[in-house]
Amino acid sequence: MNQEVEIEYKNLLTSTEYTKISQRYPFPKEADSQTNYYFETDNFLLKENGSALRIRKKHGNYVLTLKEPHPHGLLETHDALTEEEATDWINGNIVQKDHVMKRLQALHIPINKLVYYGKLTTERREVEHDNALLVLDYSMYNQTSDYELEVEAPTEEIGIRVFTDVLENNQVEKRDTPNKIKRFFATLPK
């Protein structure tokens with residue numbers, strides 16, 4: 001499948017809250033590492049459309065993903081990349097990939113205007129819980145780091161219920177939590 005709707009709920013955590021939640025649920029001791037490489041135009045056309053473009057490296061695989069607003073979450077469009085293609089993208093040599101390119105054209109985003117802005121590396125732990133996926137992330141980018149809880153769910157109803165339960169059961173305050181790409185861009189020099 002090259003498209004999916006992602007239903008997720010996020011909350012930034014303190015390091016103490018992160019540790020508490022990691023010990024309360026059966027998360028794996030070892031984290032999986034993944035790195036996101038972020039792209040945008042000079043005049044932020046993707047952001048204007050509420051969209052984001054990244055390459056994710058995980059387990060030695062590279063996936064190009066365009067995220068767009070959707071009534072029930074985010075519409076994600078994916079294309080697999082080789083390591084060489086990912087390196088070409090980062091170096092400014094955009095390799096056209098069918099699915100993402102069609103969506104970028106629909107958004108009127110000229111691919112020759114895409115620019116690589118930098119990377120964010122995440123140490124991720126995941127566990128299935130109550131028909132949802134609990135995710136703990138420790139992310140590092142631009143001399144900044146943060147901790148985050150994500151709940152990914154098959155429906156909004158399940159997602160909201162599990163998210164609320166985890167926050168309440170761990171006495172975690174609900175915080176406004178921009179997505180990773182917004183946090184990344186907020187730390188770039190002006």
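Visitor: In this model, is Glu17 buried or exposed, and how do I read that?

Guide: A residue counts as buried when its relative accessible area is under 20%. In this predicted model, Glu17 has 13% relative accessibility and therefore counts as buried. Glu17 sits in helix α1, which spans residues 15-24.

Visitor: Which residues is Glu17 in contact with, apart from its neighbours within four places in sequence?

Guide: With those neighbours left aside, Glu17 is in contact with Leu12, Gln171, Val172, Glu173 and Arg175.

Visitor: Where is Asn36 found, and what does its relative accessibility say?

Guide: Asn36 belongs to strand β3, residues 32-41, and with a relative accessibility of 2% it counts as buried. The side chains of Asn36 and Tyr38 are joined by a polar contact of 3.1 Å, and among the residues that Asn36 touches beyond four places in sequence are Arg54, Ile55, Gly118 and Lys180.

Visitor: Which residues of helix α4 are buried, and which are exposed on the face turned away from them?

Guide: In α4, residues 98-106, the buried residues include Val100, Met101 and Leu104. They lie on the same side of α4, because the arc they cover around the axis is only 100 degrees. The face turned away from that buried side carries Asp98, Lys102 and Gln105, which are exposed.

Visitor: What do the buried residues of α4 pack against?

Guide: The buried residues of α4 pack against several elements, including α2 (45-48), β4 (52-58), α3 (83-90) and β7 (114-129). Just after α4, His108 takes a positive phi of about 60 degrees.

Conventions. Residues numbered from 1 in each chain as written. Predicted model: local features only at pLDDT ≥ 70, side-chain atom pairs only at ≥ 80, totals over all residues. Heavy atoms only, no water. Helix = DSSP H or I, 4+ residues; strand = E, 2+ residues; numbered from the N terminus. Buried < 20%, exposed > 50% of the residue type's maximum accessible area, 1.4 Å probe, protein only. Polar contact = N/O pair within 3.5 Å; in protein donor to acceptor, adjacent residues only side chain to side chain. Contact = heavy atoms within 4.5 Å. Arc of directions from axis to C-beta.
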